[in-house]
Amino acid sequence: MREDRSPILELLGITKSFGGVEALRGVDFALSPGEIHGLVGENGAGKSTLMKIIAGVHSEFSGRFLIDGKETHFRSARDAHAAGIAMVHQELSVAPDLTVAENVFLGNQPTNRFGLVQWRRMAREAGEQLARFGIDVDPMSRLGDLPIGLQQLIEIARVLFSGARIVILDEPTSALSPPEVERLFATLRRLREEGTAIVFISHFIEDILLVSDTVTVFRNGRKVAETASAATSKGALIEAMIGRGGEALEHSYTDDLMLPRPSDSSVVLKVDQLSLARSLKDISFEARAGEVLGIYGFMGCGQQELSRILFGKLKPDGGTLAVDGTPKTFASTAAARRAGVALVPESRRDMLFHQEPVYKNISISILDRISSLLLKPAQERDIARRQVEQLQIRPPVVGLDLGMLSGGNQQKVALAKWLTYPPKLLVLCEPTRGMDVGAKNDVINIVRDLRAKGLAVIVLSTEPETVLSLADRILVLKRGALVREFKNEPVSKDRLLEAA
Amino acid sequence: MASSETALAAGQRPRGLAPFLRSQMRNIAPFLTLIFLSAFFAFASPSFATLDNLGNILTQVSVTGIIAVGLTFVILCAEIDLSIAGIANVTGIAVAYFTLQESYVNIANIPLPGAAAILLAIALCALLGLVNALGLTVIGIPSFIMTLAMMQIAAGISALLVRGQIAYKVPSLITTLGSGSIGGIPWIVIVAAIMLLGGHLVLTYTRFGRYVYMVGGNREAAEYSGLNVKLILGAVMVISAVCSGIGGMLGVAHFGSAQQNEFDTYLLDSIAAVVVGGTSLFGGRGGIGNTIVGLFVLGVLNNGLDHVNIDSFLKILIRGLILLAALIINVYAQRLREKAAE
């Protein structure tokens, strides 16, 4: 555990603002060698901002920054890297077209004395490193061909074994399966023994309590608590995070939950014998108005492909789609949108315009509804303001560039695009991934509202909690095939995991 | 309520002058370049800063300006069109081909009424633009390669039409617009101004214009927002070709002849005008305002170098260096902006 060693990193009175909005206010933070330090807080509470300051991503801030007791100022991530600080960001940052080995050695490939890359050595060493982490893949395979969970593990492995003294992991477990999380934790503990200082940010409070020595809680840009993990509990942390009693907010879903009787309202979407190469086999199901259909499955089970087909982004090899009884073959996403289908993909980066203001992000999908030829910016802003208020997007400024919002708030903007003129069918991929308790609850309420309005909603997720908290009926997708339907019966996390 | 929100919005903007200037670097740098160049030539040559010469500069950049309108749309979408000069050339030749030539012109052409000749010429450039559009969106050929092929195709059609000869006559409407003037102002300047203004209005105030910026800003996100990205990309390729065609027809009238390889320098000039003006090569940033500044930078540079005593062969090198500097600023401005948005 934590001994009384002098801190390797010390931050004093850190304040940082984005466009006049204070993201951090006078935060002190210290990190000792051989310590795993957990960070929790709602989206936008300032965790990621603080870590980006440490990793040299944000170079403008006020306050003191000491490494090994010496005043330091990083001007770039490269400076931080040189000082032995490495970070795994929330969003995957790998080179999908390069091989696994090239990704592991990104930036410092082994070369011989003529400066040529030693491919065989690189492949061997990458294989060894990954094996230490329990990953068994061909180092020469293309990274982009692997499931997302594995890609994330490989990225984490790269950073963990880069020899950094301080490793920051921002939400590393959200795309990992339980055994993969176990492997990650074992590796973190080993690195702690070797004296590495680790910062671990997660919304999974159980994970934080399980692996970290110290926990720091952020709320609204301030540090509100710092305690030894052994001396606190999940309830206490949640309360500190959201500043109110949080017991009701976080279900564990280990007990049985009763699904309602299936709805007999009209069929909005009928999918018949859909298939796609190796990803999907003979998928048939219906989604009804006023119903939330959950589709659960492990990473790489074909969910992503299914959602893309429903929105006209991918063309199926076989099978038919019908919306409101009319057969459809979507030639483009525009055709799907016109037919009343909307999609929020799992990656915000794919969905949003980071250099454009919030209101343009919200209005882009409905411009043809509010203007025929000429734009109506005032109306766009009005609509955006209404959505921002309804979804409690922070900060509530529709003219702010989207990139200045926190991750969770960006996710809400991605949802807001579709809500002004609700579609018939809303397809949500991982709608609560990487969100804190409060924001998750907001999303759950939004989806329930939409269901009450008579929309058909399909929620695809690899997190059992997400599906269980939202769905009226649950389909389990396994290796591209539907293997089980839960309806009008008890269901729990265990039962779902078992079926998948 | 509304006013308190605007006050809040103003308060939330990046504070201080420095961040603002940094985010506006793309617009400021070309303008400073223009002022610097103008001041330099005004100082170096007494004949530069005159009203007459301003008229010269305006006339000299008009054809480039007309072509650059469409190219601005293309570059805003993060695509490129290398066939602009080729299409300008073939359209100019086509309009002459369908016009009755003097008896000494040895081209087996098809004389038609002026209106028909103009319509056919515009149809031709629109068709070539459509081929670009289909190659880019349906087949999926990168615009760089697709338009490179189109450049050659257009040159080939031009060659077949004139067979090494020169045509002189174009319909009288084109002659007037290309080489006439009204109240001392050349028609070609007026046409360029109207087209630039039209392009600006479309980009700023129409739904299509917004789509162009959004597709250029993040194509994937545009698709996930249910925009018909292929339709928008196809449309900008056609717009670019038609602007080039109009520039080509007026250019032929302006020069007084239609022949092979007449517009070769306009490819580089048009791209340079757009990029020097500060429109991002990565798409989504910039606009016609930037293109106008870029046109003036190029125009002042070309014209000014004629007013000072300088080796005419050195001029080419200087133009290249200015273009390089503009490219550096363009890429650098993008980086600064991304940093400001973090």
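**Note on a predicted two-chain model**

1. Start with chain B. Among its contacts between residues at least 6 apart in sequence, 79% join residues at least 24 apart. Bear in mind that this is a predicted model.

2. The make-up of chain B comes next. Chain B holds 15 helices and two strands. Buried residues account for 49% of its 342 residues. A residue is called buried here if 20 or more other C-beta atoms lie within 10 Å of its own.

3. Now the dimensions of chain B. Along the principal axes, its C-alpha atoms fill a box of roughly 75 × 55 × 40 Å. The radius of gyration is 21 Å. A compact globule with 342 residues would have a value near 20 Å, so the figure for chain B agrees.

4. One helix pair in chain B deserves a look. Helix H9(B) covers residues 187-205, and helix H10(B) covers residues 207-217. Their axes lie 5 Å apart, and the two helices pack at an angle of about 75 degrees. H9(B) is therefore roughly perpendicular to H10(B), because angles of 65 to 115 degrees count as roughly perpendicular.

5. Which residues in H9(B) and H10(B) meet? From H9(B) come Val202(B), Leu203(B), Thr204(B) and Tyr205(B). From H10(B) come Phe208(B), Gly209(B) and Val212(B). The residues of this contact divide into five nonpolar, two polar and no charged.

6. Turn to where the chains touch. Chain A puts 35 residues into the contact, and chain B puts in 27 residues. On the side of chain A, the elements giving two or more residues are helix H10 (333-338) and helix H12 (367-370). H10(A) gives the most, with four residues.

7. Compare the contact of H9(B) with H10(B), which has no charged residues.

8. Last, a helix in chain A. The buried residues are Gln303(A), Gln304(A), Glu305(A), Leu306(A), Ser307(A), Arg308(A), Ile309(A) and Leu310(A). Gly312(A) follows H9(A), and the phi of Gly312(A) is positive, near 75 degrees.

Definitions and conventions: Residues are numbered from 1 along each chain as its sequence is written. Chains are lettered from A and ligands numbered from 1 in the order in which they are written. This is a predicted model: local features need pLDDT of at least 70, side-chain atom pairs count only at pLDDT 80 or more; totals for chains, interfaces and linings use all residues. Axes are lines fitted to C-alpha atoms, for helices over the stretch in contact, and angles run from 0 to 180 degrees between N-to-C directions. Angles under 35 degrees count as roughly parallel, over 145 as roughly antiparallel, 65 to 115 as roughly perpendicular and the rest as oblique. Two residues are in contact if their C-beta atoms, placed from the backbone, lie within 7 Å. Ala, Val, Leu, Ile, Met, Phe, Trp, Tyr, Cys and Pro count as nonpolar, Asp, Glu, Lys and Arg as charged, and the others, Gly among them, as polar. The radius of gyration is taken over C-alpha atoms; the globule rule is 2.2 Å times the number of residues to the power 0.38. A residue is buried if 20 or more other C-beta atoms lie within 10 Å of its own, exposed if 12 or fewer, and partly exposed in between; C-beta atoms are placed from the backbone.
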